Amino acid sequence: MTDTVGRPRPASPVALVTGASGGLGQALAIELDALGCRVAVHYNSSAEGAEAVRAKLHNDAIVVTGDVASWEAVQAMNAEIESRLGPVDVLVNNGAIRRDSLMAMQSPADWRAVIETNLIGTFHTSRAAVPGMLRRRWGRIVNIVSPSGLIATAGQTAYSASKAGVIGLTRTLAAECGRRGVTVNALSPGFMITGMTQDLSDAVTEGIRSKTPIPRFGRTEEVARAMGLFLDGDFITGQVLSIDGGVSIT
């Protein structure tokens, strides 16, 4: 039996990080830059934040925008990246929104918006990048998920459903792509103080901390270090790596 092997890692891969204008996205972009990637820093609403991230990078980097919930916008963004840096070799689906509420009181529009950005947006960016990765026989997709996709959190039916859906997408896409040197994995960070969590009350944050085996919040840079494993890991695919202080085992 002959192993099916992809091509070697490109010397300077092109990486797209969605939602990279701050918080974890910034740390991911900085880590990929340090690993030799040329990074497309994506934003949806904060152009100033994205430019600030780009200014911290040492390799060639650009700022791009587009609503990932729109297939047309994602196609246009991918075309821009290809014309300015080259085709996307590394895709990090970090962009996401939260609109938490108990389902009995949540508007259908808010519920749908979370699914369209977090789950359908991940499909759009992956669908745009995967064909080229398969042709080149090398690619990396890393989907940022959440402990909320693994454990129940009241008030987060939309967010939990979106992240659980991304985990299912990750595993199935990994099965489709592995024979051509493309790996697909998920990274599940624990609670960090970022734009996504800064609106939580002190009571909620203290409750989270008290239930975490390592009783502190994570740092974005320690989560971002996983990028090196995913870039060089030819034999890791379809996995969910939890860097969450143990919260997902409680």
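Ala20 sits in the loop between strand S1 (14-17) and helix H1. Helices (H or I, at least four residues) and strands (E, at least two) are DSSP runs, numbered from the N terminus. The model is predicted: local features need pLDDT of at least 70, side-chain atom pairs count only at pLDDT 80 or more, and totals for chains, interfaces and linings use all residues. Residues are numbered from 1 along each chain as its sequence is written, and side-chain values use heavy atoms, with hydrogens and water left out.

Is Ala20 buried or exposed? Ala20 counts as buried, because its relative accessibility is 0%. Buried means under 20% relative accessible area, exposed means over 50%, and partly exposed lies in between (1.4 Å probe, protein chains only). Which residues touch Ala20, leaving aside its neighbours within four places in sequence? They are Gly25, Gln26, Val41, His42 and Val53. Contact here means heavy atoms within 4.5 Å. Val92 is 72 residues from Ala20 in sequence. In space, the C-alpha atoms of Ala20 and Val92 are 9.5 Å apart.

Now step back to the whole chain. Its secondary structure comes to eight helices and seven strands. The radius of gyration is 17 Å, close to the 18 Å that the globule rule gives for 250 residues, so the chain is as compact as a globular protein of that length. That radius is taken over C-alpha atoms, and the globule rule is 2.2 Å times the number of residues to the power 0.38. Along the principal axes, the C-alpha atoms fill a box of roughly 50 × 45 × 35 Å.

How much of the chain is buried? Of the 250 residues, 46% count as buried. Among contacts between residues at least 6 apart in sequence, 72% join residues at least 24 apart.

The chain has 23 positive and 23 negative charges, and their mean positions are 5 Å apart. Lys and Arg count as positive and Asp and Glu as negative, while His and the chain ends are not counted. Each charge is placed at NZ of Lys, CZ of Arg, CG of Asp or CD of Glu.

Next, look at helix H2 (residues 47-55). Gly49, Ala50 and Val53 are buried in H2. They cover an arc of only 100° around the axis, so they lie on the same side of H2. The arc is that of the directions from the helix axis to the C-beta atoms. On the other side of H2, Glu48 and Ala55 are exposed. What covers the buried residues of H2? The cover includes helix H1 (23-34), strand S2 (38-43) and strand S3 (61-65).

Strand S2 holds Tyr43. Tyr43 counts as buried, because its relative accessibility is 17%. Leaving aside neighbours within four places in sequence, Tyr43 is in contact with Ser21, Ala50, Val63, Val64, Thr65 and Gly66. Ser46 is found in the loop between S2 and H2. Ser46 counts as partly exposed, because its relative accessibility is 28%. Ser46 and Gln106 are 60 residues apart in sequence, and their C-alpha atoms are 26 Å apart.

Move on to Ser70, in the loop between S3 and helix H3 (71-84). At 23% relative accessibility, Ser70 counts as partly exposed. Ser70 and Leu57 are 13 residues apart in sequence, yet 28 Å apart in space, C-alpha to C-alpha.

Helix H4 (residues 108-136) contains Thr122. Thr122 is buried, because its relative accessible area is 5%. Leaving aside neighbours within four places in sequence, Thr122 is in contact with Asn93, Thr117, Asn143, Val166 and Leu169.

The last stop is Arg137, in the loop between H4 and strand S5 (139-144). Its phi is near 60°, a positive value in a residue other than glycine. Most residues other than glycine have a negative phi.
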